[in-house]
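Work through the following exercises with the sequence and the model side by side, and try each task before you read its solution.

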Amino acid sequence: AKQTARDQVRAATERWQNTIQRELLDPEIPRAEAPQLISQLDSARLSFVIGAAGSGKSAVINQVVKELKSQDAEVLAFRLDRCEDFNSIEKLGEELVLSKSPVVSLRRAADKRDAFLVIDQLDAISLMSGRLPNSYDAVADLVDEAMALDIHVIVVCRLFDFENDHRIRKIND
């Protein structure tokens, strides 16, 4: 059977959630930052979740994604550190097993509903410590394309890389 954009987006997000949930405490600890971030999403088109390594960024984002899905929003979440080197949005789409670019797939999946693109482990493209520094332009293009199509973008990054890689701070400037 041919998978729809919605099936593909949900499968990609589920793969991301599975990698996160393996690392979380059980039972999960509700994080105060999650409802704070959700309340800011209406006004902010681009949100950064920044913290030290191991500070619980993934736990916060996992709770945010669950809440957004419960509000009938469409979410595409993925980890850059699990991707192979890519130099275009289309190649990233292939990495995520999507038939189109991530943004086009997400927009189609959402139809007229709210759509959220969650880019986890942005530090993977950092000049300082990332293993995919050549993928920066494709990620910057992805963020620009998402914003142009009225998709909210949530970027998750380690504090060290946010402070030390000027390119990360400039995403969507």
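**Exercise 1.** At what angle do the axes of helix 1 and helix 5 cross, and within what distance do they come?

*Solution.* Keep in mind from the start that this is a predicted model. Step one is to follow the two axes, which come within 8 Å and cross at roughly 115°. Step two is to classify that angle: since 65 to 115 degrees counts as roughly perpendicular, helix 1 and helix 5 are therefore roughly perpendicular to each other. Step three is to find the residues that make the contact, namely Ala 5, Arg 6 and Val 9 on helix 1, together with Ser 105, Leu 106, Arg 108, Ala 109 and Ala 110 on helix 5. Sorted by class, the residues of this contact are 5 nonpolar, 1 polar and 2 charged.

**Exercise 2.** Describe how helix 1 packs against helix 3, and name the residues that take part.

*Solution.* Begin with the geometry: the axes of helix 1 and helix 3 are 10 Å apart, and the angle between them is about 140°. These two helices are therefore oblique to each other, and their crossing is left-handed. From helix 1 the contact draws on Thr 13, Trp 16, Gln 17, Ile 20 and Gln 21, while helix 3 supplies Ser 58, Ile 61, Asn 62, Val 65, Lys 66 and Lys 69. Counting by class gives 4 nonpolar, 5 polar and 2 charged residues for the contact of helix 1 with helix 3.

**Exercise 3.** Which residues of helix 1 are buried, and what covers them?

*Solution.* Helix 1 runs over residues 5-21, and its buried residues are Ala 5, Gln 8, Val 9, Ala 12, Thr 13, Trp 16, Gln 17, Thr 19 and Ile 20.

**Exercise 4.** Is Glu 145 buried, partly exposed or exposed, and which residues does it contact beyond its neighbours in sequence?

*Solution.* First place the residue: Glu 145 lies in helix 6, which covers residues 136-148. Next consider its accessibility, which is 21% in relative terms, so Glu 145 counts as partly exposed, because buried means under 20%. In helix 6 the buried residues include Ala 146 and Met 147. Finally, leaving aside neighbours within four places in sequence, Glu 145 is in contact with Ile 89, Ser 101, Val 103 and Val 104. The C-alpha atoms of Glu 145 and Val 104 are separated by 8.8 Å, although the two residues are 41 residues apart along the chain.

Terms used
Residues numbered from 1 in each chain as written. Predicted model: local features only at pLDDT ≥ 70, side-chain atom pairs only at ≥ 80, totals over all residues. Heavy atoms only, no water. Helix = DSSP H or I, 4+ residues; strand = E, 2+ residues; numbered from the N terminus. Expected span 1.5 Å × (residues − 1). Buried < 20%, exposed > 50% of the residue type's maximum accessible area, 1.4 Å probe, protein only. Axes fitted to C-alpha atoms, helices over the stretch in contact; angles between N-to-C directions. Parallel < 35°, antiparallel > 145°, perpendicular 65-115°, else oblique. Contact = heavy atoms within 4.5 Å. Nonpolar A, V, L, I, M, F, W, Y, C, P; charged D, E, K, R; others polar. Left-handed = near helix turned anticlockwise from the far one by under 90°.
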